[in-house]
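Please look at the model below before reading on. My notes are kept to points that can be checked against the coordinates.

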Amino acid sequence: MELELWYTEQHTKNVRFEIKVNKHLYSGQSEFQRIDVFESKEFGRFLTLDGLMMVTEKDEFIYHDMIVHVPMATNPSIKNVLVIGGGDGGTVRELTRYSSVEKIDMVEIDKLVVDVCREYLPQTACKLDDERVRLYFEDGLKFVRRKENEYDLIIVDSTDPFGPGEGLFTKEFYGNCFKALKDNGILVNQHENPYYSEYAKSMKRAHVRIREFFPICKVYQAHIPTYPSGHWLFGFASKVFDPVRDINAEAWNSLGLKTKYYNTDIHVGSFALPNYVKELLESRD
Ligand code: SAM
């Protein structure tokens with residue numbers, strides 16, 4: 001009889017998500033979290049932190065396309081970028097495809113995540129050695145406190161708002177991001193899912209806090225099969241650029257970047273939200 005191994009993640013108290021696993025490739029405990037890498041037939045290799053899905057080889061392109069190309073097509077003059085979290089390297093990989101980007105600072109709290117991804121997930125970690133990338137292993141919350149008027153774009157590629165990621169959903173953090181950005185700066189963050197109530201609360205809270213600082217504050221969506229409910233949101237906040245009004249589709253398309261998910265039609269369409277999500281974002285309680 002063949003023994004079956006399954007990765008199980010609890011998406012809510014009453015809902016589980018499972019992936020059949022061929023091999024448990026790595027398991028370790030850092031100062032901050034438990035780190036695991038699995039290999040599966042359906043999703044290829046995947047990384048989990050504290051038992052929560054971070055990236056899979058099969059669907060990471062959706063998340064990384066949407067977190068990077070939406071701000072880059074809105075302002076093609078972006079040169080200095082700060083990535084907070086993002087230890088798997090997928091966000092940095094997409095940013096390095098732009099020859100116009102001059103500097104990418106990545107602040108990841110957990111060096112072990114980067115070491116493990118370099119070894120087991122070269123698909124995402126492959127550009128962490130690009131000469132424009134500087135890696136800082138520290139808390140992103142503390143890092144942005146020291147920065148002023150420095151970045152054109154900040155991407156918050158974080159874990160969920162508990163454990164080490166908690167500080168990256170606070171008012172203090174968003175205020176410091178505002179200060180760290182230049183006058184035309186953009187902040188993009190992973191914004192949880194609207195479907196399950198626990199996640200929906202976090203995404204609403206994050207939206208209310210970001211709105212206090214940024215004159216333009218929008219939310220956009222993508223379909224990510226391995227995240228809870230498969231419906232994932234991103235936040236887009238900015239000092240001047242509106243991602244739908246100001247998209248520079250011609251400039252982005254002239255770059256000739258080949259992408260598997262993102263295109264300039266999806267860019268505009270992703271800001272059209274279902275009514276229940278709009279209501280969640282607009283409600284005051
Ligand atoms: N795509 C992923 C998702 O939404 O599930 C996020 C991927 S990435 C692996 C998230 C990274 O954020 C982790 O490696 C974690 O160590 C890092 N992180 C969490 N809290 C942080 C903090 N306060 N400062 C910097 N990095 C942090």
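Predicted model: local features only at pLDDT ≥ 70, side-chain atom pairs only at ≥ 80, totals over all residues.

1. Residues are numbered from 1 along each chain as its sequence is written, and side-chain values use heavy atoms, with hydrogens and water left out.

2. The protein is assigned domain 1 (5-56) and domain 2 (60-282); such bounds come from an automatic or database domain assignment. Taken over C-alpha atoms, the domain centres are 23 Å apart. In domain 1, 22 residues are in contact with 22 residues of domain 2 (contact: heavy atoms within 4.5 Å).

3. The ligand is surrounded by 25 residues (a heavy atom within 4 Å). Gln-33, Glu-108, Asp-139, Gly-140 and Pro-164 are the closest. Domain 1 and domain 2 each supply at least three residues to this shell.

4. By class, the shell holds 10 nonpolar, nine polar and six charged residues. In this scheme Ala, Val, Leu, Ile, Met, Phe, Trp, Tyr, Cys and Pro are nonpolar, Asp, Glu, Lys and Arg are charged, and the others, Gly among them, are polar.

5. Which atoms of the ligand lie by polar side-chain atoms of Glu-108 and Asp-139? For Glu-108 it is an oxygen atom, at 2.5 Å; for Asp-139 it is a nitrogen atom, at 2.9 Å. An N or O atom in the Tyr-227 side chain is 3.0 Å from a nitrogen atom of the ligand.

6. The protein covers 99% of the 590 Å² of accessible area that the ligand has on its own (Shrake-Rupley method, 1.4 Å probe).

Key:
Polar contact = N/O pair within 3.5 Å; in protein donor to acceptor, adjacent residues only side chain to side chain.
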